[in-house]
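Visitor: I would like a quick tour of this model. Please show me the sequence and the structure.

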Amino acid sequence: MRFALAEANWGDDDGTTSLAIVTPTDLDRPSEYGRAATGYQTAEIGYEFDSTYDPTVNDHPDPTPVVFYPNELRDIITEVRNTLPVDPFSPANFDVLTDWADNQEGGEGLLAEIGTNEKGKWCKQLKMLRNDGGHPYLKVQRGAHHTWLRGSPTLGRKEFEGVFGNVTVI
């Protein structure tokens, strides 16, 4: 099962980022894409962040989707809310993320992490990064130590506010 909750076009319209409810056992390679962070359990449903290129504009391979289970998503959102002075999710406000990143060395940094980022263990992260043009974006990634999935879903201002503007985060 895959049920789209929200989708937003990238600023340059060459792709989309979406948030969907999925059945992890129905995913391609569920043991890889559906792996829970260390200390967390899988569940019957998951929340999938997925970025997809428009093949008529860009022939790069799509980034690997990242699935969060309900307890993982609750914990990572709680960590973001505890890190920032203002909740960026209700309502969706990318400026809060950018203001936080601007106060970090290099204008980027680890916003939230669940699980364990050590060799042989798994974590999921939200990171603020900047592209070559200096524009900030939020990266959703899963991995362990130096083993990360190929590519990761990303959300710039337009995608973050488009996705979370249409979803209530409690």
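Visitor: At the start of helix 3, which residue's backbone nitrogen does a side-chain oxygen of Asn93 reach?
Guide: This is a predicted model, where local features need pLDDT of at least 70, side-chain atom pairs count only at pLDDT 80 or more, and totals for chains, interfaces and linings use all residues. Residues are numbered from 1 along each chain as its sequence is written, and side-chain values use heavy atoms, leaving out hydrogens and water. At the start of helix 3, the Asn93 oxygen comes to within 3.0 Å of the backbone nitrogen of Asp95.

Visitor: Which residues of helix 3 are buried?
Guide: Buried means under 20% relative accessible area, exposed over 50%, partly exposed in between (1.4 Å probe, protein chains only). The cover over the buried residues of helix 3 includes helix 2 (70–83), strand 7 (136–144) and helix 4 (157–164). The buried residues themselves are Phe94, Val96, Leu97, Thr98, Trp100 and Ala101.

Visitor: Which residues does Phe160 touch, not counting those up to four places away in sequence?
Guide: Contact means heavy atoms within 4.5 Å. Phe160 is also one of the residues with the most contacts inside the largest core. Its partners are Pro88, Phe89, Ala92, Asn93, Phe94, Leu97, Leu138, Leu155 and Gly165.

Visitor: Is Pro24 buried or exposed?
Guide: Pro24 lies in the loop between strand 2 (15–22) and helix 1 (30–33). Its C-alpha atom is 9.1 Å from that of Tyr47, 23 residues apart along the chain. At 7% relative accessibility, Pro24 is buried.

Visitor: What is the relative accessible area of Leu5?
Guide: Leu5 sits in strand 1 (residues 2–9). Leu5 counts as partly exposed, and its relative accessible area is 31%.

Definitions and conventions: Core = buried A, V, L, I, M, F, W, Y, C linked by side-chain atoms within 4.5 Å. Helix = DSSP H or I, 4+ residues; strand = E, 2+ residues; numbered from the N terminus. Polar contact = N/O pair within 3.5 Å; in protein donor to acceptor, adjacent residues only side chain to side chain.
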